[in-house]
Amino acid sequence: MMKTPMTAIELNGEIDEERRLHVDSLLPFPGPRRVRVIVLTEPLGDEWGELELNEVEWLRVAARNPLFAFLNDPEEDIYTLEDGKPFRDEV
């Protein structure tokens, strides 16, 4: 079963004290209609704990993220150890 492609729009808004989302303008299409919402926000800070990840933690999170699953495809293996030059960080 093939799904219909989704249309993306960008709106600004705010989240109130009761964690409800309010957008600043009317939506450009009629309702009622189901929508899928992706919220982009500044980092939450201490409210949700320490958000700074060290390199090992970042790599662990990225390795488990399904967004990068395509990298497991053998067609993505386009480089070998013989490609390029070694990088020596002189810190």
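Predicted model: local features only at pLDDT ≥ 70, side-chain atom pairs only at ≥ 80, totals over all residues.
View 1. The pLDDT is the predictor's confidence in each residue, from 0 to 100. Over the chain the mean is 82. A value of 70 or more is reached by 86% of the residues. Local features need pLDDT of at least 70 and side-chain atom pairs 80 or more, while totals for chains, interfaces and linings use all residues. Residues are numbered from 1 along each chain as its sequence is written, and side-chain values use heavy atoms, without hydrogens and water.

**View 2. The elements of the chain.** From the N terminus on, the order is β-β-α. Helices (H or I, at least four residues) and strands (E, at least two) are DSSP runs, numbered from the N terminus.

**View 3. The surface of the chain.** Areas come from the Shrake-Rupley method with a 1.4 Å probe; for residues, only the protein chains shown count as cover. Of the 91 residues, 2% count as buried. Buried means under 20% relative accessible area, exposed over 50%, and partly exposed in between.

**View 4. The salt bridge of R20 and E18.** R20 pairs with E18 in a salt bridge, and their closest N and O atoms are 2.3 Å apart. Such a bridge needs a side-chain nitrogen of Lys or Arg within 4 Å of a carboxyl oxygen of Asp or Glu. The count comes to one. R20 is partly exposed, at 49% relative accessible area. E18 is exposed, at 57%.

**View 5. A nonpolar patch on the surface.** I9, L11, I15, L21, V23, L27, V35, V37 and V39 form this patch, with about 750 Å² of accessible area together. Patch residues have over 30% relative accessible area and no salt bridge; nonpolar side chains (Val, Leu, Ile, Met, Phe, Trp, Tyr) are joined within 5 Å, like charges within 9 Å. V37 sits in the loop between β2 and α1. V37 counts as exposed, at 53% relative accessibility.

**View 6. A patch of negative charge.** On the surface, D73, E75, E76 and D77 gather in a negative patch. Asp and Glu count as negative, Lys and Arg as positive; His and the chain ends are not counted. Each charge is placed at CG of Asp, CD of Glu, NZ of Lys or CZ of Arg. E75 lies in the segment after α1 (55-64). E75 is exposed, with 67% relative accessibility.

Note on methods:
Buried < 20%, exposed > 50% of the residue type's maximum accessible area, 1.4 Å probe, protein only.
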